[in-house]
Amino acid sequence: MIIKNGRVIDPISKTDDILDIKVAKEKIVAIEKDIFVDKDSDEKVIDATGKVVVPGLVDVHVHFRDPGATYKENLKTGSKAAVAGGFTTVVQMANTIPKIDSKEKIDDHYKRAKDLPLKVFTVSALTKNFGDLEIVDMEKNYKAGAVAFTDDGIPNRNSKLILEAMERAKKLDAIISFHEEDPNLISENGINHSEISEKLNIYGSPSVAETSFIARDIAMAIYSGAKISIQHISTGMGVELVKFAKKMGANVFAEVTPHHLSLNDKALLEYKALAKMNPPLRSENDRLRIIEGIKEGTIEIIATDHAPHSVEEKLLPITKAPSGIIGLETSFSICYENLVLKENISLMKLIELMSTNPAKVYGLDGGEIALGKNCDIAIIDLESEYKINKFKSKSSNSPFKDKVLRGEILYTISDGKVVYKK
């Protein structure tokens, strides 16, 4: 395969130039101008003139609901959504049914994921059955292929256990990702405590529910030296705490979702349960501080927290509807519109946040266009405007459905094979 005349963007080499890319046996074998095309060969040629060619996107936080809730999503439908969004690597969370908390369940995941069109890794639960009482066999699970440890969805409250887990993770050079919400401070999940919640006659979730747990975990990270990630950060104070932790030498990273950087809690009034998620959408000041956190480098990762639910579930009254929205198919466009087109960051920086950094932080191959590397690439038309009225995901719970979006994924190439074509 030869990809011709695309604007190749690679954050590692800082390449931003019109180049051709030649692929053979899954690998990139040439990156240069005007690669010769033998018209008598059966070599596939993709004309990328006027388009950008970037490393395949990497999402370290998705929920494919497989096993246990496959009426919402499964490995196959989740993968279709991912490649349609330009992703060549994703990491599934462990809150399946049963929880992914043992070597046997990790082995089962990889057995079922081996024929998917992209790389679908899994984390391990941090505690057995998310019980917050007994740490999993971290050493065995890490060796089996878990790329991180997290009880995402059920915030950890057992401080003594967390410190022990950090000390064990440090020995493994493994990362622990934390869902930072103190349930003791929350009345109703997924709704920010603000004037918006008061209009809905709901107390909701105050920002201190997030910041109190972030403060705890960064203190423990500084003490233990462990590598941790603050998942789906939603508050301005949370960004400040992570910034402080970095100054103190903590090995801490932060991720943010496309919806937390593009929407505030007023979206609840328009979209109802389609704008309900954990942690909730916060104030406009929080959203703007998150964007500043991205610009200054405090936040290194954009991850979707792709969380499918059925139509029936999301039609329930807002306090009873489950939290979460899907995001894989709209992620690039939402981030491109809110960060690049609004001149907050460069396109190079966006690809770093959506590909290079998540791969690097989680120790995954990818995030790079370079000789000898696997060909994981997305080709994007930055000028194209499009609207999704039917998702590749099994679910459609998104406030961005039927919105006109900018920046369309045209091709996704995984391990040298075209796995998505618009």
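Reply: In this predicted model, a polar atom of the side chain of threonine 150 lies 2.9 Å from the backbone nitrogen of aspartate 152. Threonine 150 itself belongs to the loop that runs between helix H3 (138-143) and helix H4 (159-172). Because its relative accessibility is 1%, and buried means under 20%, threonine 150 counts as buried. Leaving aside residues up to four places away in sequence, threonine 150 touches Met93, Ala94, Val123, Ser124, Ala125, Leu126, Phe130, Ser177 and Gln231.

From this loop we can turn to a sheet. Strands S6, S7 and S8 form an open sheet in that order, with parallel pairing. Strand S6 (57-62) and strand S8 (119-122) stand at its edges with a single partner strand each, so that one side of each has no neighbour in the sheet. On average, and ignoring direction, neighbouring strands here are turned by 20 degrees against each other. Strand S7 (residues 87-92) runs parallel to S8 and is joined to S8 by four bridges; valine 91, for its part, has phenylalanine 121 in S8 as its bridge partner. Two helices can be described against this sheet. Helix H1 (residues 75-84) packs on the sheet, touching S7 and S8, and its direction makes about 135 degrees with that of S7. Helix H2 (residues 103-113) also packs on the sheet and touches S7 and S8, while its direction makes about 170 degrees with that of S8.

The largest of them has 92 residues, among which Phe332, Leu347 and Leu350 touch the most other members. Helix H13 (residues 347-361) provides the largest share of this core, namely eight residues. Not counting residues up to four places away in sequence, the contacts of phenylalanine 332 include Leu57, Leu347, Leu350, Ile351, Met354 and Ile380. There is also a second, separate core of 19 residues, with Met277, Ile318, Ile334 and Phe400 among them.

Helix H10 (residues 284-296) has 13 residues and reaches 18 Å from its first C-alpha to its last, close to the 18 Å expected at 1.5 Å a residue. After H10 comes glycine 297, with a positive phi near 95 degrees.

Note on methods: Residues are numbered from 1 along each chain as its sequence is written. This is a predicted model: local features need pLDDT of at least 70, side-chain atom pairs count only at pLDDT 80 or more; totals for chains, interfaces and linings use all residues. Side-chain values use heavy atoms; hydrogens and water are left out. Buried means under 20% relative accessible area, exposed over 50%, partly exposed in between (1.4 Å probe, protein chains only). A polar contact is a pair of N or O atoms within 3.5 Å; within protein, one must be able to donate a hydrogen and the other to accept it, and residues adjacent in sequence count only if both atoms are side-chain atoms. Contact means heavy atoms within 4.5 Å. Two strands pair if DSSP finds at least two bridges between them. Axes are lines fitted to C-alpha atoms, for helices over the stretch in contact, and angles run from 0 to 180 degrees between N-to-C directions. A nonpolar core is a set of buried Ala, Val, Leu, Ile, Met, Phe, Trp, Tyr and Cys residues joined through side-chain atoms within 4.5 Å. The expected span of a helix is 1.5 Å times one less than its number of residues.
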